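This briefing is meant for someone looking at the structure for the first time.

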Amino acid sequence: MGTDIRALGYLRIETTDLPAWRTYVLDVLGMTEAEGTTDTLLNVRIDDRVHRFQFVAGSRDRLLAAGFEVASARALKEAAAVLEATGHAVKPGDDETLADRRVQGLIHCTDPSGNPLEIYWGQAQDHSPLAAPYGNRFVTGTASGEPLGLGHVVLPAPDTETTLDFYENLLGFQLRDSMKLPPAAVPTGRPGRDPYRMHFLSPNRRHHSLGLYPGALPPGIVHFMVELATLDDVGYCLDRMNAAGIPIASTLGRHSNDHMVSFYAQGPGGFQVEYGWDGLVVDPATWTAKEITADSFWGHQWSA
């Protein structure tokens, strides 16, 4: 069993402060406003896709959907059949949804921890130059054209084992590694567990497109990561963060699992953004899952 998911394609985020996100992603992260933006919707480009992020004005700060891409209409139909056969409710996207996401087909579902997902195919491209404001370039694929997707997202998964099984054995993600966390690091985890386990998975060659945090978090998202083409891209953004007075949640460091050199900053929605460079690209055919015993080789000093 398994579906033919290729990549994390987009994120949809509801926000109580759309102007703050506009400043954050355009002026600080160096992303580009995309077609379809209105007073209540900010579409954001980082590559040749028509958008990779949608920030929707609303009454809450929360993840509306993590969008995962499949290759074709047939693959989407097969994914829906697999989900329905295993007791997971599936809702087809209506015409308004397809037009908003700029995709040719889409289904809605949730994972066992209640995280909202959209599985889709056929997203439109924007063939105009990206014109990133600082000349920065985002990494969403390999030099040979293999998709790596938007980056990665870490989702809360208090029902950790069932949620891991959903992504690994139902959706076909490959488990790349896991890490034990003490109870103090998971204050919203299910009681009585010691240790908890955090898991990292991917449907493609990016070390991980998805992280599962074994606790609850009100926004429904722990952080998202975007990868940049150069270390200077990361350094310049860190300077912009400091100049804007945005709290840095974790100093620059290199992770032990995906080898990403990155920092974390607080976002306007009560969760964090990771901005990184030099992430590990793996060969799924030869990869073996491991347990990492430290978050980073160096750096990543977390603020209190």
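What follows describes strands, rings, a surface patch and some backbone details, grouped by topic.

The structure shown is a predicted model, and the values below should be read with that in mind. One part of the picture is an open sheet of 8 strands with mixed pairing, and another is strand S14, which pairs with strand S15 and with strand S18. Aromatic rings also feature, with 13 aromatic pairs in the structure.

**The open sheet**

- The strands of the open sheet run in the order S2-S3-S4-S1-S5-S8-S7-S6, and their pairing is mixed.
- At the edges of this sheet are strand S2 (32–33) and strand S6 (91–92), each of which pairs on one side only.
- Strand S6 pairs with strand S7 (residues 105–110) in the antiparallel sense over 2 bridges, and within that pairing Lys91 stands opposite His108 in S7.

**Strand S1 and its two partners**

- Strand S1 covers residues 5–15, and because 10 of its 11 residues are buried, it is largely enclosed by the rest of the structure.
- With strand S5 (residues 62–70), strand S1 pairs in the antiparallel sense over 8 bridges, and Ile5 is found opposite Val70 in S5.
- With strand S4 (residues 53–57), strand S1 pairs in the parallel sense over 5 bridges, and here Glu14 is found opposite Val56 in S4.
- As a general point for reading such strands, the side chains of a regular strand alternate between the two faces of the sheet.

- Strand S14 (residues 248–255) includes Leu252, and it pairs in the antiparallel sense with strand S15 (residues 261–266) over 4 bridges, where Ile248 stands opposite Ala265 in S15.
- Strands S14 and S15 form a hairpin with 5 residues between them, and the turn includes His259, whose phi is positive at about 65°.
- Strand S14 also pairs in the antiparallel sense with strand S18 (residues 296–299), in this case over 3 bridges, and Arg254 stands opposite Trp298 in S18.
- Leu252, Phe297 and Trp298 together make a nonpolar surface patch of about 310 Å².
- Leu252 has a relative accessible area of 31% and therefore counts as partly exposed, since that class lies between the limits of 20% for buried and 50% for exposed.

**Aromatic rings and charges over rings**

- Among the 13 aromatic pairs of the structure, Phe166 and Tyr167 form one that is edge-to-face, with 5.1 Å centre to centre and 90° between the planes.
- Both Phe166 and Tyr167 are buried, and Tyr167 also forms an edge-to-face pair with Phe173, with 5.5 Å centre to centre and 65° between the planes.
- Tyr167 is buried with a relative accessible area of 0%, while Phe173, with a relative accessible area of 2%, is likewise buried.
- Arg240 lies over the face of Tyr134, at 3.9 Å from the ring centre, and Lys290 lies over the face of Trp287, at 3.9 Å from the ring centre.

**Backbone details in the loops**

- The peptide bond from Asp194 to Pro195 is cis, with omega near 5°, and Pro195 is found in the loop between strand S10 (174–181) and strand S11 (196–202).
- Ala131 has a positive phi of about 55° although it is not a glycine, and this residue lies in the loop between strand S8 (116–121) and strand S9 (152–156).
- Ala131 counts as exposed, because its relative accessibility is 63% and the limit for that class is over 50%.
- His259 is another residue other than glycine with a positive phi, near 65°, and the loop that holds His259 is the one between S14 and S15.
- At 29% relative accessibility, His259 counts as partly exposed.

Note on methods
Residues are numbered from 1 along each chain as its sequence is written. This is a predicted model: local features need pLDDT of at least 70, side-chain atom pairs count only at pLDDT 80 or more; totals for chains, interfaces and linings use all residues. Side-chain values use heavy atoms; hydrogens and water are left out. Patches are made of residues with over 30% relative accessible area and no salt bridge: like charges are joined within 9 Å, nonpolar side chains (Val, Leu, Ile, Met, Phe, Trp, Tyr) within 5 Å. Accessible areas come from the Shrake-Rupley method with a 1.4 Å probe; for residues, only the protein chains shown count as cover. A salt bridge is a side-chain nitrogen of Lys or Arg within 4 Å of a carboxyl oxygen of Asp or Glu. Buried means under 20% relative accessible area, exposed over 50%, partly exposed in between (1.4 Å probe, protein chains only). Two strands pair if DSSP finds at least two bridges between them. Rings of Phe, Tyr and Trp (its six-membered ring) pair if their centres lie within 6.5 Å; planes under 30 degrees apart count as stacked, over 60 as edge-to-face and the rest as tilted. A charge sits over a ring if NZ of Lys or CZ of Arg is within 6 Å of the ring centre and within 35 degrees of the ring normal.
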